[in-house]
Amino acid sequence: MVRQVLDYAVTEIPRNKILMGIPNYAYDWTQPFVRGESVAEIMGNVEAVRRAAIHGTPIQYDKTAQSPWYTYQENGLTHEVWFEDVRSMEVKLRTAIDYGFLGIGYWNLMRPFRANWLLVKLLSGRF
């Protein structure tokens, strides 16, 4: 879906004027999801990995969404967590580079994610 949006964006806006938004957060949804009723807890990516470890649940990787995720049980509820890791961040950064965008912008910088900043430093010469 991201590439569909980007493909449309470049038909309307010059590539060198686009900053691609990149998330720096995770969502923890209780299941079953009910549109208009379900509310997710937001947390940092590091906290998402910590939570998987606490619950002893393996982290999966969705190749279509290019994002890590997992489920766990707590207080009789099933939770589904989607977050970012270095693999998913690299896909997003390389997408911005491949499209020739002006750069990237993060939402939300208030959640530390050291591995991401090391990746940005590694790829920074490409922007």
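A residue counts as buried when its relative accessible area is under 20%, as exposed when that area is over 50%, and as partly exposed in between. These terms are applied here to a predicted model.

The chain holds 4 helices and 7 strands. Their order along the sequence is α-β-β-β-α-β-β-β-α-β-α. Along the principal axes, the C-alpha atoms fill a box of roughly 50 × 35 × 25 Å. The chain has 127 residues, and 34% of them are buried. Contacts between residues with a separation of 6 or more were also examined; residues 24 or more positions apart account for 56% of these contacts. The chain exposes about 8200 Å². Carbon and sulfur atoms supply 58% of that area. The charges number 14 positive and 13 negative.

Helix H2 spans residues 45–55. Its buried residues are Asn 45, Ala 48, Arg 51 and Ala 52. Around the axis they cover an arc of only 115°, which puts them on the same side of H2. The spacing fits a general rule. An α-helix has 3.6 residues a turn, so residues three or four places apart point the same way. The other side of H2 carries Ala 53 and Ile 54, and both are exposed. The buried residues of H2 pack against several elements. These are strand E2 (26–31), strand E3 (41–43), strand E5 (67–74), strand E6 (77–82) and helix H3 (86–99). After H2 comes Gly 56, which has a positive phi, near 65°.

Arg 51 lies in helix H2. Its relative accessibility is 13%, so Arg 51 counts as buried. Neighbours within four places in sequence are left aside in what follows. Arg 51 is then in contact with Asp 28, Glu 41, Met 43, Tyr 70 and Tyr 72.

Helix H4 covers residues 114–123. Here Asn 116, Leu 119 and Leu 123 are buried. Seen down the axis of H4, these buried residues fall within an arc of 60°, so they line one face of the helix. The face turned away from the buried side carries the exposed residues Arg 114 and Lys 121. The buried residues of H4 pack against H3 and strand E7 (103–107).

Arg 94 is one of the residues of H3. Arg 94 has a relative accessibility of 32%, so this residue counts as partly exposed. In sequence, Arg 94 and Leu 123 are 29 residues apart. In space, their C-alpha atoms are 8.5 Å apart. Leu 123 itself is one of the buried residues of H4.

Asp 85 sits in the loop between E6 and H3. With a relative accessible area of 14%, Asp 85 is buried. Neighbours within four places in sequence are again left aside. Asp 85 is in contact with Tyr 61, Pro 68 and Phe 113.

Aromatic rings were examined next. Ring centres must lie within 6.5 Å for a pair to be counted. By this rule there are 7 aromatic pairs. One of them joins Tyr 25 and Tyr 27. Their ring centres are 5.3 Å apart and their planes stand at 65°, so the pair is edge-to-face. A second pair joins Tyr 27 and Trp 29 and is tilted. Its centres are 5.8 Å apart, with 50° between the planes. The two labels follow from the cut-off, because planes over 60 degrees apart count as edge-to-face. Tyr 27 has 32% relative accessibility and so counts as partly exposed. Trp 29, at 23%, also counts as partly exposed. Ring pairs link Tyr 25, Tyr 27, Trp 29 and Phe 33 into a cluster.

How values were computed
Residues are numbered from 1 along each chain as its sequence is written. This is a predicted model: local features need pLDDT of at least 70, side-chain atom pairs count only at pLDDT 80 or more; totals for chains, interfaces and linings use all residues. Side-chain values use heavy atoms; hydrogens and water are left out. Buried means under 20% relative accessible area, exposed over 50%, partly exposed in between (1.4 Å probe, protein chains only). Helices (H or I, at least four residues) and strands (E, at least two) are DSSP runs, numbered from the N terminus. The arc is that of the directions from the helix axis to the C-beta atoms. Contact means heavy atoms within 4.5 Å. Rings of Phe, Tyr and Trp (its six-membered ring) pair if their centres lie within 6.5 Å; planes under 30 degrees apart count as stacked, over 60 as edge-to-face and the rest as tilted. Accessible areas come from the Shrake-Rupley method with a 1.4 Å probe; for residues, only the protein chains shown count as cover. Lys and Arg count as positive and Asp and Glu as negative; His and the chain ends are not counted. The place of a charge is taken as NZ of Lys, CZ of Arg, CG of Asp or CD of Glu.
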